[in-house]
Amino acid sequence: MELSEMRITYMQGVGEKRAALFESELKIRTQEDLLYCFPYRYIDRTKVYKIGEIDTNLPYIQIRARIRDMHITGIGKAQRLVATAYDNTGEMELVWFQGLKYMQNQQFRPDVDFLIFGQPSIFNRRVSIVHPEISLYEQSADNLVGFQAIYPSTEKLKKAFITSKLMTKLVTTVFQNMNGMRIDETLPAWLLQRFSLPLRHEAIYNMHLPQSMELLERARYRMKFEELFYIQLHILQQKFRRKRYFKGHNFKTVGDYFNTFYNSYLPFPLTNAQKRVIKEIREDCRTGRQMNRLLQGDVGSGKTVVALLCMLIALDNNFQACLMAPTEILATQHYESLKEMVAPLNINIALLTGSTKAKERKVIHETLANGVLQILIGTHALIEESVVFDNVGLAIIDEQHRFGVAQRSKLWRKNVIPPHVLVMTATPIPRTLAMTVYGDLDVSVIDELPPGRKPIRTLHSYDTARDRVFEFIEEELKKGRQAYIVFPMIYESERVDMQNLEQGFERTEAFFMPRGYTIGMVHGKMKPADKDEEMRKFVNHETDILVATTVIEVGVNVPNASIMVIEGSERFGLSQLHQLRGRVGRGADQSFCILMSSYKLSNDSRKRIETMTSTTDGFEIAEADMRLRGPGDIEGTRQSGLVCDLKVASLAKDGAILNQASQVASEILNDDPDLEKDENHIFNYRLKRVFKVFDSWHHIS
Ligand code: ADP
Ligand code: MG
């Protein structure tokens, strides 16, 4: 029988009740599942410390000591059992809060050595171990070899005494029962050899029962490599197949629209990064294959003009182009700035949103279908069934993380041969994450800001210093600038947040109105029309200060705004703070971002604020974000489901392994995209096993 068919229920030490817990808490049903539930930490049990050399920062220690003076102290809930452990270098305290009677009855002999194991901490200003494991030193030889694996656990598991020790015992049994059979290998010999990877069987064995630090390291490397390799193989296979089999429109020429605009009407010289990216896109659109590309560029890096130039290439080849944005405000802004830019070129361009009037909508539908309309800008309205293009060749999606996969895929169906797709994002994604989540896309990066931008200065201020912040804002307003004051609005605490916002608005009014400044407010609870009206006023400088929630986070462009105050900044995530900050620093003036917070800050909040005040580099911030929160939480990646499922590898730490894995996967697919060759069957077989669950969300961008 296969391990995958052997339930753990009947193993010694399990039984029905525990088996149910194994399943509900750890998703372990079979012996195979058990083998794939890896320890997350190991304790070196070869080292026995002297009391005098204990470092309380160590996660676990063990000492050889004698025990004396065991007694109960404190009253009521504070009651505890304490004892002194000592050796010839010093003494320390052992403490129990539970099971006092039981422990007291243990009657530790005063004249023998014990092996005492646990987490060191400081208690009552003395080094201590709470709830130590204690055994006679003489009989502990078994404990002093190798590494003890620590497995994931939960309260329920602990209550049922499902401990790491039990897990180790079960795993040992599984290996014993295999009777010399080996765990199936998933990588071919040449790959193992090339990267000096241990066999899978050996690796899994050492993951659970490490025979030495070195073997453990090699085992982990192998398991990480395997995990990342198959993810890369899976996601890159889609890309290689698309490139080989999907036809695409061929943008053969660069013609009048592009050249005229480029030579005569470009409002500014392009940055080198913009030029490079346009070239990459242009190359990609004339291969005869469909382009599927992600354009990453920090806020303000100038993605819009790149989008426009690409649309002009589409027009030059007699195709239509469209640009979809996540909000009405943003779509309108795009429409207005693009319309202005292409005014001299005589191009038919229109805006389609939820609030486009029926009459106008009808004209758009007609001219779109007969090919008179060349560029369509819009919101989700753009992907409705009723919107039919004559011949769309390029679809661009701005702030793509705001759209679901399904919405994006609808754009594919807007032509018989799907249009080239360019998705743009200002949310920098760490490279490792991009490789994993968007691995099937080609990636272009604008890694350079237009010249003359002064980096935004970011300061941290406590709430108590708000008056000074207000005075500072006033200085800027006097120069004719505008300011944002942003409040957190989190679903769970919506009512209180709403109150804070309103109070904040009143406070701002009380200070600035008498000084002759006007203040507006926008938040998500307002009617869209009212919201747009408030935004419009701010854009046109009819208001000086905009008090707002994060509705302004995406894309809004008001170059005259030079101050961004973020209230309750400790409650925002890093990427959100970065997005918000990107609303200023868009003009030539020095801009400021002021992070307000209370005095009480958690470690993570403090780190986020420190990151924000020390760098404006979006990629650096994204990396920090990933380190702090883990990759599963990064915006726009949750829907993939994939990253959260990494068992051994970490996208924050294992970039080098990911590179290797990705490189090899590309080599293999380049040669054999369908993995049909005999020597590649091993991959195909494994892919089907690992990814059968994911096939339903086949990646479309
Ligand atoms: P984002 O990448 O955030 O969408 P935008 O396309 O909105 O950035 O550009 C931000 C601002 O920078 C706009 O006002 C735009 O006109 C300006 N801009 C873009 N490219 C350049 C450039 N090469 N030189 C000067 N200004 C530029
Ligand atoms: Mg933009």
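Biologist: Is Tyr-205 buried, partly exposed or exposed?
Modeller: This is a predicted model, in which local features need pLDDT of at least 70, side-chain atom pairs count only at pLDDT 80 or more, and totals for chains, interfaces and linings use all residues. Residues are numbered from 1 along each chain as its sequence is written, and side-chain values use heavy atoms, with hydrogens and water left out. Buried means under 20% relative accessible area, exposed over 50%, and partly exposed in between (1.4 Å probe, protein chains only). Tyr-205 has 29% relative accessibility, so Tyr-205 is partly exposed.

Biologist: How many aromatic pairs are there, and what kind do Phe-175 and Tyr-205 form?
Modeller: Rings of Phe, Tyr and Trp (its six-membered ring) pair if their centres lie within 6.5 Å; planes under 30 degrees apart are stacked, over 60 edge-to-face and the rest tilted. The whole structure holds 19 aromatic pairs. For Phe-175 and Tyr-205 the centres are 4.8 Å apart and the planes stand at 80°, which makes the pair edge-to-face.

Biologist: Which helices does the pair of Phe-175 and Tyr-205 tie together?
Modeller: Helices (H or I, at least four residues) and strands (E, at least two) are DSSP runs, numbered from the N terminus. The two parts are 30 residues apart in sequence. Phe-175 lies in residues 164-177 and Tyr-205 in residues 200-208, so the pair ties together helices H5 and H7.

Biologist: What kind of aromatic pair do Tyr-484 and Phe-538 form?
Modeller: Tyr-484 is buried, with a relative accessible area of 0%, and Phe-538 is also buried at 0%. Their ring centres are 4.9 Å apart with 55° between the planes, and the pair is tilted. Tyr-484 lies in strand S18 and Phe-538 in helix H18, so the pair ties together parts whose separation in sequence is 54 residues. The kind of pair is tilted.

Biologist: Over which ring does the charged end of Arg-515 sit?
Modeller: A charge sits over a ring if NZ of Lys or CZ of Arg is within 6 Å of the ring centre and within 35 degrees of the ring normal. For Arg-515 the distance to the centre is 3.8 Å, and the ring is that of Phe-511.

Biologist: Which helix gives the most to the lining of the largest cavity?
Modeller: On a 1 Å grid over the protein atoms alone, a cavity is a set of points where a 1.4 Å probe fits but cannot get out, and lining residues have an atom within 4 Å of a point. The largest cavity is lined by 10 residues, Pro-428 and Ser-575 among them. Helices H19 and H21 each supply at least two lining residues. With 4 residues, the helix that gives the most is H21.

Technical notes: Chains are lettered from A and ligands numbered from 1 in the order in which they are written. On a 1 Å grid over the protein atoms alone, a cavity is a set of points where a 1.4 Å probe fits but cannot get out, and a pocket is an open set with protein on both sides within 12 Å along at least five of seven lines; lining residues have an atom within 4 Å of a point.
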